[in-house]
Amino acid sequence: MSRIDYSVWDHIEVSDDEDDTHPNIDTPSLFRWRHQARVERMEEFQSKGEEINKSLMECRRKLAETQKKLQELSVASSDDAKTELNKVQAEEKKLKKEERDWSKKMEEHRREEKKMPWNVDTLSRDGFSKSIVNVKPEVGQETEEEKEQKHKTFVEKYEKQIKHFGMLRRWDDSQKYLSDNPYLVCEETANYLVIMCIDLEVEEKHALMEQVAHQTIVMQFILELAKSLKVDPRGCFRQFFSKIKTADQQYQDAFNDELESFKERVRGRAKIRIEKAMKELEEEERQKRLGPGGLDPVEVYESLPAEMQKCFDDKDIQMLQDVISKMDPTEAKQHMKRCIDSGLWVPNAKVDVEGKDEEPTYEEVKQEQEETKKE
């Protein structure tokens with residue numbers, strides 16, 4: 001039994017010159033009008049499809065940018081960031097609905113195209129003139145642990161090559177290097193370059209950071225292009241370089257704007273990392289300073305009345321006696337206890353006016369003061 005489906009031949013539109021016409025009608029003109037009208041309908045239908053596809057691609061591009069921004073805001077904790085996060089979430093929801101609408105229109109347009117009858121123009125077309133790009137198959141969602149392990153394994157294997165790509169600048173050099181090393185065109189390379197930029201900024205290698213930032217955005221643009229086309233990034237990076245090298249001002253401005261925005265984000269992340277490191281260092285030094293009672297001598301000293309601070313500065317025991325005599329006994333005892341707990345004073349020790357390192361307790365200072373009064 002034949003497996004060829006001949007039903008498609010039932011939908012062939014007859015030739016413009018097959019119909020019989022009245023002798024008084026200008027037959028050649030009629031045939032030309034018929035053909036022209038059909039060609040115009042086909043062009044209009046094709047133009048409509050191109051507009052729908054263009055709108056769909058633009059919607060997906062905006063959605064990708066919104067989701068990227070949403071990911072950045074999700075790690076922020078300020079009130080302004082939370083307010084902005086709500087706005088971006090609403091925008092994402094709106095764009096997802098628009099994407100579904102445009103996808104539905106695209107499917108309807110394709111169904112209409114399949115239903116259209118063949119004619120002398122479409123029958124004579126070369127059926128092998130268009131190229132097909134393989135679409136990446138849908139894969140399961142990776143867990144955070146799997147992503148982290150994948151990134152670690154990739155970097156361990158290709159760190160040297162990634163760093164080399166990060167130091168390139170010219171479009172042709174970058175394209176050639178990716179052609180020789182196509183496995184670098186992936187999310188892992190982009191992620192490593194981002195971390196590399198932050199590290200360089202922390203090390204105050206600003207010019208080098210800007211160099212690597214440029215290559216980071218190159219990789220990001222390639223990945224975004226692949227996402228919009230739903231193809232493997234390794235199959236479209238040449239398309240990006242071809243476009244960027246002959247880009248109009250609008251596309252070039254978009255690239256430069258994204259680059260400047262990325263560099264600002266890198267500077268912000270580097271600043272946060274430096275501040276965190278400084279706080280950790282300060283806390284480490286503070287822990288080393290803590291006295292036997294767990295108090296920081298610097299904090300205790302700064303909390304003392306100015307008169308008592310001067311006693312410590314001058315190491316003047318007589319001045320300390322005078323200050324304590326004028327203070328409320330409970331308040332003075334509290335200050336002395338905090339000094340002992342912080343290690344600022346050493347219990348059961350003496351201090352002389354010549355500046356030895358030993359310090360008296362509150363009780364000892366008070367006793368010396370009373371003995372001085374009796375004399």
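Student: Let's start with K263. Is this residue buried or exposed?

Tutor: The general idea is to ask what share of a residue's area a probe can still reach. Buried means under 20% relative accessible area, exposed means over 50%, and partly exposed is in between, using a 1.4 Å probe and protein chains only. K263 is buried because its relative accessible area is 7%.

Student: Which network does K263 belong to?

Tutor: Salt bridges that share partners join K263 with E210, E260, E264 and R267 into one network. A salt bridge here is a side-chain nitrogen of Lys or Arg within 4 Å of a carboxyl oxygen of Asp or Glu.

Student: Before we go on, what kind of model is this?

Tutor: It is a predicted model, where local features need pLDDT of at least 70 and side-chain atom pairs count only at pLDDT 80 or more, while totals for chains, interfaces and linings use all residues. Residues are numbered from 1 along each chain as its sequence is written, and side-chain values use heavy atoms, with hydrogens and water left out.

Student: Back to the network, then. Which residue pairs with K263 at 3.9 Å, N to O?

Tutor: That is E210, whose side chain meets the one of K263 in a salt bridge. E210 sits in helix α7 and K263 in helix α9, so the pair ties together parts that are 53 residues apart in sequence. E210 counts as partly exposed because its relative accessible area is 32%.

Student: How do I read those helix names, and how many helices are there?

Tutor: Helices (H or I, at least four residues) and strands (E, at least two) are DSSP runs, numbered from the N terminus. This chain comes to 14 helices and 0 strands.

Student: How many salt bridges does a search of the whole structure find?

Tutor: The search finds 24. One of them joins the side chains of K69 and E84, at 3.1 Å from N to O. K69 lies in helix α1 (residues 27-73) and E84 in helix α2 (residues 79-115), so this pair ties together parts that are 15 residues apart in sequence. K69 is partly exposed at 37%, and E84 is partly exposed at 26%.

Student: Where do D101 and K97 lie?

Tutor: Both are in helix α2, 4 residues apart, about one turn of the helix. D101 is partly exposed at 36%, and so is K97 at 48%.

Student: Now the inside. Which residues of the largest nonpolar core touch the most other members?

Tutor: A nonpolar core is a set of buried Ala, Val, Leu, Ile, Met, Phe, Trp, Tyr and Cys residues joined through side-chain atoms within 4.5 Å. The largest one here has 41 residues, and F165, L178, I222, F240 and F241 touch the most other members. Helices α4 (144-166), α5 (171-180), α6 (187-202), α7, α8 (237-245) and α9 (249-289) each supply at least two residues of this core. Its largest share, 11 residues, comes from α7. There is also a second, separate core of 13 residues, including M308, C311, V323 and A332.

Student: Which residues does F165 touch?

Tutor: Contact means heavy atoms within 4.5 Å. Not counting residues up to four places away in sequence, F165 touches S174, Y177, L178, L193, Q215, V218 and M219.

Student: And S228, where is its place?

Tutor: S228 is in helix α7 (residues 206-229). S228 counts as buried because its relative accessible area is 18%. The side chain of S228 reaches the backbone oxygen of L225 at 2.7 Å. Leaving aside neighbours within four places in sequence, S228 is in contact with M57 and R60.

Student: What can I learn from a phi angle, say that of E204?

Tutor: Most residues other than glycine have a negative phi. The phi of E204 is near 65 degrees, a positive value in a residue other than glycine. E204 lies in the loop between α6 and α7, and it counts as exposed at 61% relative accessibility. K230 has a positive phi too, of about 60 degrees, although it is not a glycine. K230 is found in the loop between α7 and α8, where it is partly exposed at 45%.

Notes
A polar contact is a pair of N or O atoms within 3.5 Å; within protein, one must be able to donate a hydrogen and the other to accept it, and residues adjacent in sequence count only if both atoms are side-chain atoms.
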